[in-house]
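Let's take a walk through this model, one piece at a time. Keep the sequence and the 3D view side by side as you read.

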Amino acid sequence: MAIRVVLVDDHPLFRQGVRNVLERTDKIQVVGEASSAREAYAMVPELRPDVVVIDIGLPGPSGVSAVRELRRLDRDLRILMLTVHSDGPLVDQAFAAGATGFATKAQPSADIVDALVKVAQGERYLAPTITRSDRETGGPLDEAGTPQPLAPLSNRERDVFDLLVRGYNNAKIAAAL
């Protein structure tokens with residue numbers, strides 16, 4: 001059974017190219033195309049695709065907003081972001097909104113097909129060209145990849161921060177230190 005896909009990108013020539021690439025394999029069937037998030041909102045519930053391939057830069061609601069709304073419409077829907085953008089905040093926003101995968105338009109077409117298949121199987125996908133430093137939005141990362149936003153603070157700054165978190169005002173912080 002072929003993976004049913006809806007393409008959402010505001011560039012018709014790009015959508016046609018992606019359709020041609022995806023339909024070269026018998027694993028994938030493009031069942032619809034939309035040029036905006038609003039078109040996708042109307043199309044997806046009717047067509048019930050397995051995966052939506054969507055760009056971030058869309059007219060009207062952004063691709064990230066569209067991901068959030070599409071996931072609201074169908075909690076089981078799998079979504080692959082396919083975009084020219086690869087900066088950390090957008091990648092993180094896409095995943096936080098509910099995207100299953102994030103690929104770039106600079107990747108070879110075979111990689112996009114592989115990404116789509118993985119996303120359809122429920123696997124999370126991140127383009128291999130997006131490095132940890134690209135995604136470092138909250139300060140340094142620890143060994144597990146968790147952001148450590150307080151790492152740049154000196155010991156004294158950390159003491160002040162800890163007292164602020166406890167609700168101390170300036171006078172109480174001065175007295176405590």
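Start with helix α5, residues 109-120. Its twelve residues reach 17 Å from first C-alpha to last, close to the 16 Å expected at 1.5 Å a residue, where the expected span is 1.5 Å times one less than the number of residues. Helices here are DSSP runs of H or I with at least four residues, strands are E runs of at least two, and both are numbered from the N terminus. Which residues of α5 are buried? Ile112, Val113, Ala115, Leu116, Val117, Val119 and Ala120 are, with buried meaning under 20% relative accessible area, exposed over 50%, and partly exposed in between (1.4 Å probe, protein chains only). Just after α5, glycine 122 takes a positive phi of about 90 degrees.

A word on the ground rules: this is a predicted model, so local features need pLDDT of at least 70 and side-chain atom pairs count only at pLDDT 80 or more, while totals for chains, interfaces and linings use all residues. Residues are numbered from 1 along each chain as its sequence is written, and side-chain values use heavy atoms, with hydrogens and water left out.

Now zoom out. The protein has seven helices and six strands, and along the sequence they follow the pattern β-α-β-α-β-α-β-α-β-α-β-α-α. Of its 177 residues, 38% count as buried. Among contacts (heavy atoms within 4.5 Å) with a separation of 6 or more, 56% come from residues 24 or more positions apart.

Next up, helix packing. Two packed helices are described by the angle between their axes and the distance between the axes. The axes are lines fitted to C-alpha atoms, for helices over the stretch in contact, and angles run from 0 to 180 degrees between N-to-C directions. Helix α2 (residues 37-47) packs with helix α3 (residues 63-73) at about 20 degrees, their axes 10 Å apart. That makes α2 roughly parallel to α3; the label covers angles under 35 degrees, with over 145 roughly antiparallel, 65 to 115 roughly perpendicular and the rest oblique. On the α2 side you'll find Ala37, Ala40, Tyr41, Val44 and Pro45, which meet Ser65, Ala66, Glu69, Leu70 and Leu73 of α3. Sorted by type, the residues of this contact are eight nonpolar, one polar and one charged. For that sorting, Ala, Val, Leu, Ile, Met, Phe, Trp, Tyr, Cys and Pro are nonpolar, Asp, Glu, Lys and Arg are charged, and the others, Gly among them, are polar.

At 3% relative accessibility, valine 44 counts as buried. Beyond its neighbours within four places in sequence, valine 44 is in contact with Pro49, Val52, Leu70 and Leu77. Valine 44 and leucine 73 lie 29 residues apart in sequence, yet 8.6 Å apart in space, C-alpha to C-alpha.

α3 also packs with helix α4 (residues 88-97), at about 10 degrees and with the axes 8 Å apart. α3 and α4 are therefore roughly parallel to each other. In this contact, Val64, Val67, Arg68 and Arg71 of α3 meet Gln93, Ala94 and Ala97 of α4. That set divides into four nonpolar, one polar and two charged residues.

Finally, find threonine 100 in the loop between α4 and β5 (101-104). Is threonine 100 buried or exposed? Threonine 100 is buried, with a relative accessible area of 10%. Not counting residues up to four places away in sequence, its contacts include Arg71, Leu77, Phe95 and Val119.
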